[in-house]
Amino acid sequence: MEERRGTDVVGRSRSWGDERLSLLSTVGVALGDREALQHALDQAVSELGGLAGLMHWSCGPAGSRTLRLVLASGLPLPALVGWEEIRQDEAPLAPARAVRDGRFAWLPAAAGETPGPGETLGPGETGRPSSGALPAETTVASVPLTGPDGPVGALSVLTGPREPTPEQAAFLEAVGRWSERRLSRSAGGIGDCDEHPWWHQRPGGSVLQQPLEVVNVGSWEWGIRTGEMWWDRAGQTLLGISRGYERRIKSWIDLIHPEDMPRVMAATEKSLREGSGYEAEYRVRRPDGTSGWVQSRAHLELDEDGEPVRMIGKVWDTTESRMARESVGQALRYMSDAFFAVDQDWRITFLNVEAERLVGPAAEVLGRPLWEGPAGTVPELEERCRRAAADGRPTGFDIRWPTDDRWYHIRLVSVPDGLTAYLTDATERRTQDARRAAAERAGAEQAARISALAGALADAVTTQDVIQVVAGQVLPPFGASGLLVLCLEGGRLNVVGSVGYPRAFLRRVDGVPAFGGYRLLNEVLSSRRPLFISSTEEYQRLFPDLSGSPALARKNAWAVLPLIASGNAVGTCSVSFDEPRLLTADERTLLTALSGMVAQALARARLYDTEHARAQALQRGLLPRILPSPAALTPAVRYLPASSGTDIGGDWYDVIPLSAERVAVVIGDVMGHGLAEAATMGRLRTAVHTLANLELPPEEVLAHLNEVVSDLGDDSFATCLYAVYDPVSGGCSLARAGHPPPLIVRPDGGVECLDPTPDPPLGAAEPPFSTVDLQVPDGTLLVLFTDGLVESAARDIDTGIAECTQVLTSEYGRLLTCPPRRPRTNGRAAGGEHGEDHDRLDRLCDLLVGTMLPAQRLTADDTALLIARLHGLPSGNTAGWPLPEGPVAAGLARAHVREQLEAWDLGDLVMTTELLVSELVANVVRHARGPTRLRLIRGSSLICEVSDASSTTPRIRRPAETDEGGRGLQLVSALSQRWGTRYTAEGKCVWTEQPIAYSGAI
């Protein structure tokens, strides 16, 4: 009795196992890979009477492979923590043992337990503890999943303490083999985990509801060595993450949709390996439960050894454009003709409903070679397909299809990713007119362009990009000659792009009221339906009040399409023809579908244009509008923003007049791009002006700027070059913080480059900064620039500086760098000299920019260029005297002033200058200490300086009515154009300036 009962149980077990395997084979055909494997896992759990089922997949470099949990059935989320990743070479768990040994394994689920009879633990091995959510007596039965090169995964069932029967173990192995066969039919085979998008889908995860902030463009930065990843506010809003997110690369990876993970990781690895740019389009799963498509582009920053250090990029939303492309796919899927596409390995990647009838069900044939189905029996089809792919030219021919024994005209079009095929039933139409057949083939070719158009529109950034894409890919297939795109702005329709229309017609339609201005356009906008006009006669019949428009536009047929984006009318798009044209129903449908794609792309591009215009306006507002032109210097500048992206840069320049005819020249670059960097640039410009007015030497100016940048945070850095030129002595003092060295062009044409090793950048430096003192002759050129002029991904900074030197020493360069020949007198340029020299320096700027940054080369960095001609003060325009101590010094100073001003023919300034000198010398006698010295400078103004050995700064105060003194500096302020104090190595110098009224062409 007992023996018979056992036999019955075994018989029933085998019967149920056979039924379950049969059910798998039947149901699995209609399921995707993930759903089919999930169903197989459920059947295994039921057959073994287990608690739950697991499927692990192996990925990683050889020798250190990790088993990752990719499917689970019956387990709560807390119980998955201990099973998400298993090292198959270290963890003594059943899945790892099954993969290592390539056979059935049965082990306990937690450490310290033994399986009992038939245990499979090796000597000294213990189990790895789970999360603690499983019963203590839980065991795991696992079988390997084997690919061409050995086990690559494991199928496991969590069950009780009793060892599975041989029949149960055999059933589990049968389910494993069924899973292997199912996976072997997928693209890439079972051995290539990157080709199975299902395995990346994690079985669980937290869901945080957050509002989605709609943005245009976000920026991000990834520190490759530290693993830190930073997003700006726009990027955080786009990805749906808050400011409290963990700034690690893993935070970004967790947002990527598992099906897109292989492509994103492959693009990242390729960029790091080749040192090239990075670009990827993928879906993000935001913490609030929403998802969307984004596109990201970035560039690498390399260290001195060429190793990647940082990746900096942008990200923007492409959901709408992606939906437009998917809508095109839907249109192709349900079109009346059969359509399918294959990749470069001849695997089927797409087929519509009609093509499934000829080639086979999508669930069976997608991902499989085309020749394994009915197409493999069609004579010469494979040869013609391969020839079409090799030639890259569309081809068409008639074939008899074996599944229904009907004739089809097949059109093969080579595309970048493979080949597309259109099959039109030609059984009853083979004898039709050749012209009609040609027209139908042309229509098929037009449909083939949809995919390319969708991709090109997705890549279009500006409005003009969209216009160029439409003109290049929509007009030719239809034989159209005209394109007119109008955008709705402020209740009016404005022309944003056109092709093939005369200016007179464009002026007539530009800016017309959206409703009530131009009846044809008003009707299309109001009804939101396209209007097709096949001839001039039809146009005049429909719109008699606009009868003159066809003649003015020089067109004879029109397709006027409304542009609708996100439910809102954004404008109209008109496709026109030189000759009368009656569009077919398919052509009208196709144009209507294309208008939706164009509307989405145009709306996105208009937003980009607006943001870019705002960024450029802000940049112009932050930079100096007009540079001063002091007597000691003639400047010429150029600023070129980066040629890609909407972010503004932090490059700046300035010319700041100082006392005693001296002038400060400054150029700098805040590292990075964006509003924060632009704001930092504005703060530094203001700080430089303030510090320059304090007459601080270059090294102290940079020290104070370093404090300003350091206070902004550890990730803020800037480079700066600050130079002070004294036309009296001909000396030039400069200090650099991380900035490229200037080029000094001597009057004889020789070019000198300073030591290329500067002090560290602002924000990373430790003062003091080093100062370089130069003696430069009159007419010397000082060429200052930011790294955008000389450095790029294809050129290091030393090579760039060498190329700049070659430009300056070329024949044309020497012609522009040579100083003007006209003499200079009385400290001022001779008539027209500054204007002539400024024009010459402007041409030199254009020469440098045109050579170093050709118009066709895209740049990722801003560029600032400042060229300054240094003018020394002619001899005889300065005079100085030492003064004795005591009150007698004032009288002696007045005498020197009278004598010198009479010699300079400035007698009208004698009285005022005597008063100024008397007050300044009296202040020294009264409040300071000697030695005292008087100096007069005749330049663009008359400068009077009194210096002493005291460091006390004189200040204007308001004396009481009964005070006998204290009004001297008020008198100095009233009599001079401006006055001030600067510190010297010996003490201080108080100076005044008075205007000189020059007459004639001096």
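Begin inside the protein, where the largest cavity has a volume of about 120 Å³; bear in mind throughout that this is a predicted model. Rolling a probe the size of a water molecule over the atoms shows where empty space is left. To find the place in your viewer, select Phe505, Tyr518, Leu520, Tyr539 and Trp558, which are the closest to the centre of the largest cavity among the 14 residues that line it.

Next, colour the elements that give two or more residues to this lining, namely α15 (503-509), α16 (519-527), α18 (549-553) and β21 (557-565). Which of them gives the most to the lining of the largest cavity? It is α18, with three residues. If you then colour the lining by class, you will find twelve nonpolar residues, two polar residues and no charged ones. A search of the whole structure finds nine cavities of 30 Å³ or more.

Now stay with α16 and show its side chains, where Leu520, Leu521, Asn522, Val524 and Leu525 are buried.

For the last stop, move to the surface and select Met911, Leu915 and Leu971, which form a nonpolar patch with about 290 Å² of accessible area together. Of these, Leu971 has its place in helix α28, which covers residues 968-975. Is Leu971 buried, partly exposed or exposed? With a relative accessible area of 31%, Leu971 is partly exposed, because that term covers the values between under 20%, which is buried, and over 50%, which is exposed.

Key
Residues are numbered from 1 along each chain as its sequence is written. This is a predicted model: local features need pLDDT of at least 70, side-chain atom pairs count only at pLDDT 80 or more; totals for chains, interfaces and linings use all residues. Side-chain values use heavy atoms; hydrogens and water are left out. Patches are made of residues with over 30% relative accessible area and no salt bridge: like charges are joined within 9 Å, nonpolar side chains (Val, Leu, Ile, Met, Phe, Trp, Tyr) within 5 Å. Accessible areas come from the Shrake-Rupley method with a 1.4 Å probe; for residues, only the protein chains shown count as cover. A salt bridge is a side-chain nitrogen of Lys or Arg within 4 Å of a carboxyl oxygen of Asp or Glu. Helices (H or I, at least four residues) and strands (E, at least two) are DSSP runs, numbered from the N terminus. Buried means under 20% relative accessible area, exposed over 50%, partly exposed in between (1.4 Å probe, protein chains only). On a 1 Å grid over the protein atoms alone, a cavity is a set of points where a 1.4 Å probe fits but cannot get out, and a pocket is an open set with protein on both sides within 12 Å along at least five of seven lines; lining residues have an atom within 4 Å of a point. Grid points are joined across faces, edges and corners, and a volume is the space filled by probe spheres set on the points. Ala, Val, Leu, Ile, Met, Phe, Trp, Tyr, Cys and Pro count as nonpolar, Asp, Glu, Lys and Arg as charged, and the others, Gly among them, as polar.
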